[in-house]
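Here are my notes on the model you sent over, as numbered points. Have the viewer open while you read.

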Amino acid sequence: MAARPAAASRFLRTTGQHAAIEPDAFTEGAYVLSIGGAEQSHVNLAEPGEIFYEYLRRIGHVVDLAAPVGEPVSALHLGAGALTLARYIQATRPGSLQYAVELERELLDFVLQQLPMPDGTELHTLIGDARDALAELPAELRFDVVILDIFSGPEAPEHIACTGFYEEAAARLTPRGVLIVNVGDEPGLTLVRSQVAALRRAMSEVSAFAESGMFAGRHPGNIILIGTQGPWPAGWTAELTARGPHPATVLAGVDLDALAG
């Protein structure tokens with residue numbers, strides 16, 4: 001692999017912040033993307049099948065169950081970051097067709113320049129608002145996995161954190177497709193509750209997957225919402241719980257009612 005600079009930075013015009021990519025001091029071959037001084041993504045170029053952040057590992061486990069092991073999938077990433085999950089899908093499902101949407105043009109260019117995708121990756125990138133980009137994709141495109149990872153807490157854009165957007169995303173799914181939404185929230189889980197309700201109006205079934213303590217609503221963190229087009233698959237609750245990270249809890253069906261309010 002070609003040598004990489006020890007660190008690099010790029011100004012992002014949309015947000016007026018600086019993005020930086022630096023080597024992970026603890027993991028050889030890994031890098032950390034920070035924006036405005038806050039860590040945003042972790043990429044292990046040496047082992048792209050290994051995911052550092054817990055919430056992204058949980059999303060990866062859902063992707064693992066979305067199709068038979070090793071089978072290529074079509075995936076749409078709404079919110080690109082450092083393309084950690086796109087790298088994971090290519091590593092675990094070579095030959096997958098992937099699209100990534102990112103609002104910050106400079107960020108996507110910066111990431112791909114500093115941390116190139118593995119050879120053989122079929123990744124198409126789009127710059128712009130997630131909802132606009134969804135509408136602009138070729139009409140015939142359908143995805144086995146749509147992953148939304150762009151908002152948290154009170155900063156969630158209303159035109160995306162709503163039933164209308166989820167209905168548009170669901171219309172882009174293949175018959176086996178799943179819609180995966182990462183919701184970062186504060187104590188009380190106000191955003192999570194609203195998104196469970198919105199997603200339930202757009203999908204046949206919805207479940208929530210997180211570190212067990214998150215469901216008490218006492219501390220900030222991430223909860224992964226999973227929308228399916230048919231009944232929640234038998235065995236997924238046990239499979240996801242066993243895969244962790246531990247301790248893990250999956251709420252589905254009536255078990256999710258309390259969280260939905």
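1. A quick definition before anything else: a residue is called buried when its relative accessible area is under 20%. By that cut-off, 52% of the 261 residues in the protein chain are buried. Keep in mind throughout that this is a predicted model.

2. On overall make-up, the protein chain has 8 helices and 12 strands. Its radius of gyration is 18 Å, close to the 18 Å that the globule rule gives for 261 residues, so the chain is as compact as a globular protein of that length. If you want a box for it, the C-alpha atoms fill roughly 50 × 40 × 35 Å along the principal axes.

3. Two more whole-chain numbers. The accessible surface of the protein chain is about 11500 Å², and carbon and sulfur atoms own 52% of that. Among contacts with a separation of 6 or more, 67% are between residues 24 or more positions apart.

4. What does its side chain reach? Asn44 belongs to strand 4 and counts as buried, with 8% relative accessibility. Setting aside neighbours within four places in sequence, Asn44 is in contact with Thr27, Glu28, Gly29, Ala30 and Glu50.

5. The other sheet to go through is an open one of 8 strands, in the order 7-6-5-8-9-11-10-12, with mixed pairing. Strand 7 (122-127) and strand 12 are at the edges with a single partner strand each, so one side of each has no neighbour in the sheet. On average, neighbouring strands here are turned by 15 degrees against each other, direction ignored.

6. For a parallel pair within this sheet, take strand 8 (residues 143-148) and strand 9, which are joined over 5 bridges. Val145 has Val178 as its bridge partner in strand 9. Helix 7 packs on the sheet and touches strand 9, strand 10 (205-211), strand 11 (221-228) and strand 12; its direction makes about 160 degrees with that of strand 12.

7. Which peptide bonds here are cis? One joins Gly244 and Pro245, with omega at about 0 degrees. Another joins His246 and Pro247, with omega at about -5 degrees. Pro245 sits in the loop between helix 7 (236-243) and strand 12 (248-252), and Pro247 is also in the loop between helix 7 and strand 12. If you set up the model for a calculation, these are the omegas to look at.

8. Last, two leucines with positive phi. Leu83 has phi near 65 degrees, a positive value in a residue other than glycine. Where does Leu83 lie? It is in the loop between strand 5 (74-78) and helix 2 (84-92). Is Leu83 buried or exposed? Its relative accessible area is 2%, so Leu83 is buried.

9. Leu189 has phi near 55 degrees, again positive in a residue other than glycine. Its place is the loop between strand 9 (173-185) and helix 6 (190-202). Leu189 counts as buried because its relative accessible area is 0%.

Terms used. Residues numbered from 1 in each chain as written. Predicted model: local features only at pLDDT ≥ 70, side-chain atom pairs only at ≥ 80, totals over all residues. Heavy atoms only, no water. Helix = DSSP H or I, 4+ residues; strand = E, 2+ residues; numbered from the N terminus. Rg over C-alpha atoms; globule rule 2.2 N^0.38 Å. Buried < 20%, exposed > 50% of the residue type's maximum accessible area, 1.4 Å probe, protein only. Contact = heavy atoms within 4.5 Å. Areas by Shrake-Rupley, 256 points an atom, 1.4 Å probe, with all protein chains shown as cover. Pairing = 2+ DSSP bridges. Axes fitted to C-alpha atoms, helices over the stretch in contact; angles between N-to-C directions.
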